[in-house]
Amino acid sequence: MAGRTCLIVGVMLMAAAAPALTHDPPASCDEELLLLQARERYLKHRVQKQEALLNRRQLLCQKDSPHRDCADAFSPGSKSGLYNIRPLGSPAPVQVYCDMSDGGGWTVVQRRFDGSELFNRSWTEYKNGFGDKSEEFWFGNENLHYLTDQGKYSVKFVLGDFEGKQSYAEYNNFRVGPEKSDYRLSFGAYSGTAGDALSGNYRTGVSLWASHQGAKFTTYDRDNDNHAWGNCAQEDKGGWWFNRCHSAHLNGLYYPSGPYSAATDDGVVWVTWRGWWYSLKTTVMKLRPADFKEHP
């Protein structure tokens with residue numbers, strides 16, 4: 001028994017010090033198995049150390065030379081997750097969540113799925129961003145401006161309801177102006193399955209008060225909307241590009257079951273898909289350069 005223990009210890013030491021297999025034939029199948037298992041453990045340890053070194057090096061490289069956006073960070077095999085980017089004009093790198101699925105290269109700027117994050121926030125909080133970028137969050141209006149100011153971008157809104165259905169709305173030429181414009185919103189042509197709620201062209205006369213084209217951003221403490229008798233962000237419980245007030249509002253109050261009733265339509269709303277009185281379960285808002293070539 002003592003001899004067998006010594007053999008096991010000897011095999012493990014040999015694998016750690018010199019992982020190559022011995023040229024002498026093993027005395028038995030059991031001994032060969034012990035040798036191979038020790039070598040496997042050694043190689044796994046080396047792979048883990050190499051992966052940790054690679055991850056540290058990638059983070060250092062990102063800090064030294066961050067990408068302009070998630071499309072710039074994309075390459076075949078890229079995984080979705082947290083990256084460092086620095087859009088042109090931005091004073092410092094910023095961490096983002098990159099969605100490398102759905103064709104790849106998407107910079108995620110808003111996500112909601114369980115109501116864990118409060119979206120009824122101040123002007124400064126919306127300016128700088130808030131939340132956990134791996135969970136529910138808002139990227140920040142200042143970051144949105146720098147991101148969309150460096151070229152032509154498309155935005156994609158991915159929406160989910162409490163019955164398990166999904167829909168989307170995509171707009172080209174999406175842009176958020178600087179703070180001096182109150183982060184004025186502009187966007188181009190619509191495509192998708194959720195309906196064109198942003199432009200308000202789904203019904204005659206609605207766009208006069210519900211279109212978000214050219215709208216300034218409003219929060220409960222900074223009223224820039226066209227509502228003459230109130231503040232849309234105060235009424236609808238979240239900051240957004242309001243007109244008088246909205247037909248799309250993805251930063252509203254999170255209701256945990258879909259249909260709701262309230263004094264105002266203050267839920268998470270995309271009216272052309274589920275109407276004013278259905279609050280959505282999930283929303284993702286993500287951006288990508290218009291000339292990005294999707295990876296198959």
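**Exercise 1. Find the residue with a positive phi in the hairpin of β6 and β7, and see how these strands pair.**

Step 1. Begin at the turn: the hairpin of β6 and β7 has five residues between the strands, and glycine 164 there takes a positive phi near 85°. Strands are DSSP runs of E with at least two residues, helices are runs of H or I with at least four, and both are numbered from the N terminus. Before going on, note that this is a predicted model, in which local features need pLDDT of at least 70, side-chain atom pairs count only at pLDDT 80 or more, and totals for chains, interfaces and linings use all residues. Residues are numbered from 1 along each chain as its sequence is written, and side-chain values use heavy atoms, with hydrogens and water left out.

Step 2. Now look at the pairing, which requires DSSP to find at least two bridges between two strands. Strand β6 (residues 153–160) and β7 run antiparallel and are joined by six bridges. Leucine 159 has serine 167 of β7 as its bridge partner, and phenylalanine 157 stands opposite alanine 169.

Step 3. Follow each strand to its other partner. Three bridges pair β7 with strand β10 (residues 190–192) in the antiparallel sense, where glycine 192 is the bridge partner of alanine 169. β6 is joined to strand β15 (residues 282–289) by eight bridges, again antiparallel, and serine 154 has arginine 288 as its partner there.

**Exercise 2. Locate the disulfides and describe each one.**

Step 1. Search for pairs of cysteine sulfur atoms within 2.5 Å, the cut-off for a disulfide. The structure holds two.

Step 2. Describe the pair of cysteine 70 and cysteine 98, whose sulfur atoms are 1.9 Å apart. Cysteine 70 lies in helix α3 (residues 70–73) and cysteine 98 in strand β2 (residues 94–99), so the bond ties together parts that are 28 residues apart in sequence. The torsion about their S-S bond is about -75°, so this disulfide is left-handed. Cysteine 70 counts as buried because its relative accessibility is 0%, and cysteine 98 counts as buried at 0% too.

Step 3. Describe the pair of cysteine 232 and cysteine 245, with sulfur atoms 2.0 Å apart. Cysteine 232 is in helix α7 (residues 232–236) and cysteine 245 in the loop between β12 (240–241) and β13 (248–249), 13 residues apart. With a torsion of about -85°, this disulfide is left-handed. Both cysteine 232 and cysteine 245 are buried.

Step 4. Finish with cysteine 29, which counts as exposed because its relative accessibility is 65%.

Note on methods:
Buried means under 20% relative accessible area, exposed over 50%, partly exposed in between (1.4 Å probe, protein chains only).
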